[in-house]
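Please consider the following protein model.

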Amino acid sequence: MSKDDHEVGHDRSSVHHKRRLKQFYYAARLFVLAITLLSAQISPPFDTSADILLQQNSWLSVLSNVLLRWDSFHFASIALKGYVYEHQFAFMPGTPLVMRLFGELVWRTRRLLGASDGVVIEDVLMGGSMAAALMCDWTSDLYE
C-alpha cells in the first residue's frame, strides 16, 4: 500500500468520524431539548420573565417559557434600548450587538411579510438564536 493510498483511506475514515460526531452532536441536542420540554411540563419554571416580557400570542411564546431564561432577557433589553439600568452594565456589549444586528434581519423579513411594527423583543431573541446557531456551525468549520 502506497503512502497516497494510506492518506486516501485516512481521509475517508476522518470524514466518516466527523459525520458520526455531527450525528451524535445533533442527537444530544435533541435529547437535551426533549428533557427540557418534559421537565417544564412536570415542574413549572421558576423564572417568569418570558410571561412578563413576551406577548402570550406572540410567535415566540410557544417555547419561550421553556427555553428563554434569565440573562437572555437582559441581553435582549440592552439590544433594544441600550444600557438603561445600572445592573445592565454587568453585561458586555458584544452579545447584545450581535442580537440587535440579527434582530434587524428578522424584522426586515417580517416587514416584507407585512408586519408594520418596529424591531420588538421577539425579533432580537430570534436573531440571537440564529446568530448562536450560525456561530456553532462556524466553529465546527474551524476544525475541519
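A contact, as the word is used here, means heavy atoms within 4.5 Å. By that criterion, and not counting residues up to four places away in sequence, Met99 touches Ser72, Phe75, Ala76, Ala79, Val124, Leu125 and Gly128. The model is a predicted one, in which local features need pLDDT of at least 70, side-chain atom pairs count only at pLDDT 80 or more, and totals for chains, interfaces and linings use all residues. Residues are numbered from 1 along each chain as its sequence is written, and side-chain values use heavy atoms, with hydrogens and water left out.

Met99 is one of 12 residues in the largest nonpolar core, whose members also include Phe73, Trp107 and Ile121. Such a core is a set of buried Ala, Val, Leu, Ile, Met, Phe, Trp, Tyr and Cys residues joined through side-chain atoms within 4.5 Å. Buried means under 20% relative accessible area, with a 1.4 Å probe and protein chains only. At least two residues of this core come from each of α4 (71–81), α5 (94–112) and α6 (121–142), and α4 contributes the most, with 5 residues.

Phe73 lies in helix α4. Phe73 counts as buried because its relative accessibility is 5%. Between Phe73 and Val124 there are 9.7 Å in space, C-alpha to C-alpha, and the two are 51 residues apart in sequence.

Turning to the whole, the protein chain has 6 helices and 0 strands, where helices (H or I, at least four residues) and strands (E, at least two) are DSSP runs numbered from the N terminus. Of its 144 residues, 26% are buried.

Key
Buried < 20%, exposed > 50% of the residue type's maximum accessible area, 1.4 Å probe, protein only.
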